[in-house]
Amino acid sequence: NARYCVIGNPVAHSKSPTIHAAFALQTGQGIVYERCLAPVDGFAAIVRQLVASGYSGANVTVPFKLEAAALATTLSERARAAGAVNTLSFTPSGIAGDNTDGAGLVGDILHNAGVAIAGRRVLLVGAGGAARGAILPLLQQGPRQLVIANRTAATAENLAASFNSHGVPVEACTFADLDGRFDIVVNATSASLAGDLPPLPPAVFGAGTLALDMMYAADPTPFMRFAAAHGASMRDGLGMLVEQAAEAFFVWRGVRPQTCALLAAMRPPA
Ligand code: ATR
């Protein structure tokens, strides 16, 4: 059996082993997928050990995604654009780095939420690593406009400037300067982790808005509650999590698992 794992710190909470076990069962692919706790200063050493023990690849989570990008010998276009790697493939010619997070977000919006991105007005809230990873895959869907809003304006401006060559207007903005309603609002800040709400003007949300928080928790985040209170339909990051895993499974195995039933099974009854 081909062996894979998720490397992180912490990693005990990771749902990736459960998700990949379900994909393996469904597709008949013989893989084993484990959790791997790496010391914060020991990521490269762990990867070397995995390669030496014959593993085929690994997912990478907090706090190692930047280090994984530096360690990979080749990077996919979307990993280079993200500046981060969440999927490593150990091949005879080296370590290939990919990033399936943005594809997971897009797949969840298109296929699970059933919302089109093409021609729509999209707001990305936050300008850190999670936001960066989402931008190229979002732009490739052809939105009418992508606005990046961040607490620290300069970070959003730098990010917007580095994605200005894809044929879609990408604009940076502070929360206070946000104007008008958006079709899709993605919270890519880490505010939800602290139970905080980015200070968004309520007018960004409306009855036709899909509000998606990249974070997944048992209860709706303050962002999701705020969006729903202003008419938006809301979504947490569980669908994105399952979709990024499906994309990684496809990168490794060349087989695309179905995600619908698994997603429904993982969602606790309301
Ligand atoms: P990640 O990898 O999760 O994206 P990060 O790179 O540290 O983490 O980025 C965190 C993002 O969340 C940033 O956009 C940050 O805003 P600043 O650039 O102004 O720091 C944003 N963020 C964190 N806490 C926030 C809060 N309470 N309100 C609004 N934005 C917040």
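How many residue pairs are in polar contact between domain 1 and domain 2? I opened the notebook with this question and worked towards it from the division of the chain.

**Entry 1: the model and its domains.** I noted that this is a predicted model. I looked up the domain bounds and found domain 1 at 2-99 + 239-266 and domain 2 at 102-236. Domain 1 is therefore written as two stretches of the chain, given its assigned bounds. I then recorded that the C-alpha centres of the two domains lie 25 Å apart. The contact between them draws on 15 residues from domain 1 and 16 residues from domain 2.

**Entry 2: the interface.** I looked up the area buried between domain 1 and domain 2, which is about 1,200 Å². Carbon and sulfur atoms give 63% of that area. On the domain 1 side, I listed Ala-81, Met-240 and Glu-243 as the residues that lose the most area to domain 2. Together these three account for 43% of what domain 1 buries. I searched for salt bridges across the interface, and the rule finds zero. For polar contacts, the count is one residue pair, with both residues at pLDDT 80 or more. This settles my opening question.

Which backbone atoms lie 2.9 Å from an oxygen atom of the ligand? I found a polar backbone atom of Ala-127 at that distance, and one of Ala-130 as well. For Gly-129, a backbone N or O atom lies 3.0 Å from a ligand oxygen. Finally, I recorded that the protein covers 67% of the 650 Å² of accessible area that the ligand has on its own.

Conventions:
Residues are numbered from 1 along each chain as its sequence is written. This is a predicted model: local features need pLDDT of at least 70, side-chain atom pairs count only at pLDDT 80 or more; totals for chains, interfaces and linings use all residues. Side-chain values use heavy atoms; hydrogens and water are left out. A polar contact is a pair of N or O atoms within 3.5 Å; within protein, one must be able to donate a hydrogen and the other to accept it, and residues adjacent in sequence count only if both atoms are side-chain atoms. Accessible areas come from the Shrake-Rupley method with a 1.4 Å probe; for residues, only the protein chains shown count as cover. Contact means heavy atoms within 4.5 Å. Buried area is the accessible area (1.4 Å probe) that two parts lose on being put together, summed over both. A salt bridge is a side-chain nitrogen of Lys or Arg within 4 Å of a carboxyl oxygen of Asp or Glu.
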